[in-house]
Amino acid sequence: MKTLIRLFIGRPVATLLLTIAITLAGLISYRLLPVAPLPQVDLPTIVVTASLPGASPDTMAATVAAPLERTLGQIAGVTELTSSSSPGNSMLVLQFAVSRDIDGAARDVQAAIDAAQSLLPADMPTLPAWRKINPADVPVLVIAMTSDKLSRAKLYQLVSTQIQQRVAQLPGVGTADILGSSAPAIRIDIDLPRVTALGLSPEKIRQAIKNATSARAEGVLEVADSRLILAGEMQADSVEQYRSLIVSWQHGNAVRLGEIASVYEGVEDNNNVGFYNQSPAVMLSVTRQANANMLEVIAGVKRLLPELQASLPEQVAMNIVVDRADYVHSSLREAELTLLLAILLVIAVIYYFIREKRVLFIAAITLPVALLGTFTVMWAMGFSLNNLSLMALIVSTGFIVDDAIVVLENVSRHAEKKSALRAALAGTREVFFTLIAMTASLIAILLPLLLLDNLMGRVFREFAITLVATLLISLFLSLSLTPMLCAWLLRKKSGTAAENKRGGARLHAAYMRALAWTLAHQRLTVLALVVMTGLNILLYGWVDKGFFPPQDTGLLKGVVQVEDNASYDELQRQLLSSVERIRQDPAVKSVITASNNGLFVNRTVATIYILLKPWEQRADTALAVASRLNATMRKRSGVKVLLRPAEDLHIGARNANAAWQYTLTSDSSDRLRKWAAIMKTRLRALPQLRDVDSDLQAGGIKAMYTVDRDKAARLQVDMADINSLFNDLFSQRQIATWYRDDDLRHVVMNIDRSALANPRLAEALYVVNAAGEKVPLRAFSQLTYVPASVAVAHQGGIAAATLSFNLQEGVSLKQAMELISREAIKAGLPGSVQGEFQGSAKASHQFTLTMPLLIFSAFFILYVVMGMLYESYLHPLTILSTLPSAGVGALLLLLLTRTPLTIVSLIGILLLAGIIMKNAIMMINVALKAQNSGTTPTEAITYACLLRFRPIMMTSLAAFLGAMPLALNYGGDAALRRPLGIAIAGGLALSQILTLFTTPVVWLWFERLRRRVAARKAQSR
């Protein structure tokens, strides 16, 4: 190493060119780095959707979801399998272990679907389909199309034919779903009173329409030496032809379809609507694929938009209503400004202590070079410029200059007696081991984070590797660039003798006096250390535990839900009313709503996204705005509006209505409904919780016909006739497919909406028997009205109900979980109904349990590394003795600022431990060298403390001020970064004072212990 240091010092041009190369490579890499809100880590998730028009939720769950669950549940690596069934639709969500390859999982899913085909209903219009997306993900871009002149059907057709396919083909796009409408169709609405009067059956009408919509291949006729293609105009190809279609003959007169039904061009699903603010709109919702870069996806779509806009008629307005890129750029701009402020504060600290331009340059130049060099490593590793990687760079500003300051201080001390060249070589060689130990201590602290193999480990791996890269580059520069600059720029007048000219002399003198008193009262100091250790345990129990700090992405997501037995018209009315009320909030910019989310349709629930004004134009965070709107909308009757901030990190795949989830499961649906209602009532009574909701929608009403099969047989009525009647009239049944040129449309048959206003409609229905006679349903069945589920959920193949909730201000998740568990015990929840926290609540609980192990692992690895470096069992204990005071300061400030102990603040505490241990390492290395030269332990440690006081103060204050911009940062995603700054700043504020006194005392005690052990060994020999 001496040769290498001499090489860098003796070849200043080479060293300088190498530094310039690192700088230029960093500048280029910075331009090439992709940008994202968080590291690109996604839990492999696949959604399977299936449909059976007209089927009830219970039927969908039993005949479609259950068979698929049995085959999908056998796939290796599935960590969570949930399903939700509504009328005519089922959606199954499979989430895999983070180590599972998503493409391999997709192949297994397709194989499982194929295996389940024989178990599925034969009349399903399409086979189940799968997509590699997470339904809980927020779209990265939403484009709304509005028009004052064109119908929803025409808008849908324009979007589907000219926009959707082009966007879906772009790299990185996961889905491009159309919201707010459905595909154009030929609608045939049956006039039931007229059909009844003529004695016709809906099934006969359906069959006539189907026969008139034939477009099969006709054949080929070969005559002599020629060949003719046979064709005929056998398909009705216009609304007029359908209206003139003869469906029956009555007394020699033709009964045409237009006489007994309304025939018109409409949409496949009349119960599908969307609004941009309060204007009808058809929207394109774009999500990204797993591991695709968000900003690249958004940029790709935006580049295509001018061309797409030009292809649309002038009557269509295209608006980008949700653009996640704006939030990402704003958030990263805030983080970059915070980084710049941290750099300036660190340089100011160096200047305060040094007050010499040349020396300031030598110490400060490593800061930008190390940061730029880290960008190169980030680019080579495939990382992105995101909140966590920038957070690593911000906090590293306090670490980078440490090594350079240590080298500079030592070289300056030698320069008072030697030439600059000899001083640089001797001073650098003298602190080489100290620098290695300091860097190794910080890397050892980060090792447990690097070894975590769960989602949080993957998310923070980029943070840890970025920080490690910065530390290693800083170490390299301190052993190459810094001594070279010292050799060529340092002058004797830049030495450290004249303390008064640089600042800190009075502080140094005060420390000398305090240290002398401390060494004279060692037992009191050790007692203080013991108290600090106990206080750590106490404060750890007191501080609130969390999981991941909240994000403010400027977007709220949620649902508008009407009563379970409410009609579609009521949903639409409540949607418009809710949007009008929400838009009155001063923080709201725009609102979009849709009665489907692109994957799953629930007739009583609509999806809502609320775009907030930029951070600088509103006073409250997204979480505060969501809480305010929830409180406002809670006062309205007949509708629930549940909102929460849209975030980038999702744990689980539940698209819940609140931040936290508690799931009940049971093998009995009736028992589950009973206990879900009991627990929901109990949770709503808890003042610590708010926005309590359940996905168990059991408030619907079912018109149940109990058939007397004997009577039906006597009346020549088949069960299939009854099923066809319901399907033809009430399921918007797709009865045929109409082809024209390159277009196709379904022909949809349903009862006319005007007939639904008849309250006695269910009692007036009839079927036509085998003899062609009208037979009222009431002649062979009894009609009763019974409760029914609007949606049926499963988890792991059994019935499930998820209770979602938010927390009141000041209430921790730990408190809420304890309260809910206590309520389940008080309610007498039976063993046949299991309750378990899911999603983020489950992950948070698991993280809380593993947190002590993570801390212990970090300290154990640190002890091992320090023991190997020092070849001692005791010296690492001296270094670790600095940790209690660091933990107390961090936990106290977290308590005072009411900041939960999340994974971000825990990382701050671990980094804080590394900073504090660097101080102890600087002291111990000097003390060991002094002791080896013949001084007593007390003299050696006193000399070490006084010699290293200035660099310790400089490095600690640099780390403190480097963390302060994070701790004091507000607005945007500051809540994500602030816990890290609070933990470091709080720990340094207290530990810096204490460790300057406890470390020398602990070292002396262990040194006395070492000598006693050595003496006993000598005597035994």
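1. Two strands pair if DSSP finds at least two bridges between them. Strands (E, at least two residues) and helices (H or I, at least four) are DSSP runs, numbered from the N terminus.

2. This is a predicted model: local features need pLDDT of at least 70, side-chain atom pairs count only at pLDDT 80 or more, and totals for chains, interfaces and linings use all residues. Residues are numbered from 1 along each chain as its sequence is written, and side-chain values use heavy atoms, with hydrogens and water left out.

3. Six strands form an open sheet, in the order 14-13-18-19-17-20. The pairing is antiparallel. Strand 14 (279-280) and strand 20 (639-645) stand at the edges. Each has a single partner strand, so one side of each is left without a neighbour in the sheet.

4. Look at one pair in that sheet. Strand 13 (residues 274-276) runs antiparallel to strand 18 (residues 588-594), and three bridges join them. Tyr276 stands opposite Ile592 in strand 18.

5. Thr439 belongs to helix 16 (residues 432-451). Its relative accessible area is 5%. Thr439 is therefore buried (under 20% relative accessible area; exposed is over 50%, partly exposed in between; 1.4 Å probe, protein chains only). Beyond its neighbours within four places in sequence, Thr439 is in contact (heavy atoms within 4.5 Å) with Asp403, Leu471, Leu472 and Leu475.

6. Gly258 sits in helix 9 (residues 257-260). Gly258 counts as partly exposed, because its relative accessibility is 38%. Gly258 and Val247 are eleven residues apart in sequence. From C-alpha to C-alpha, Gly258 and Val247 are 9.8 Å apart in space.
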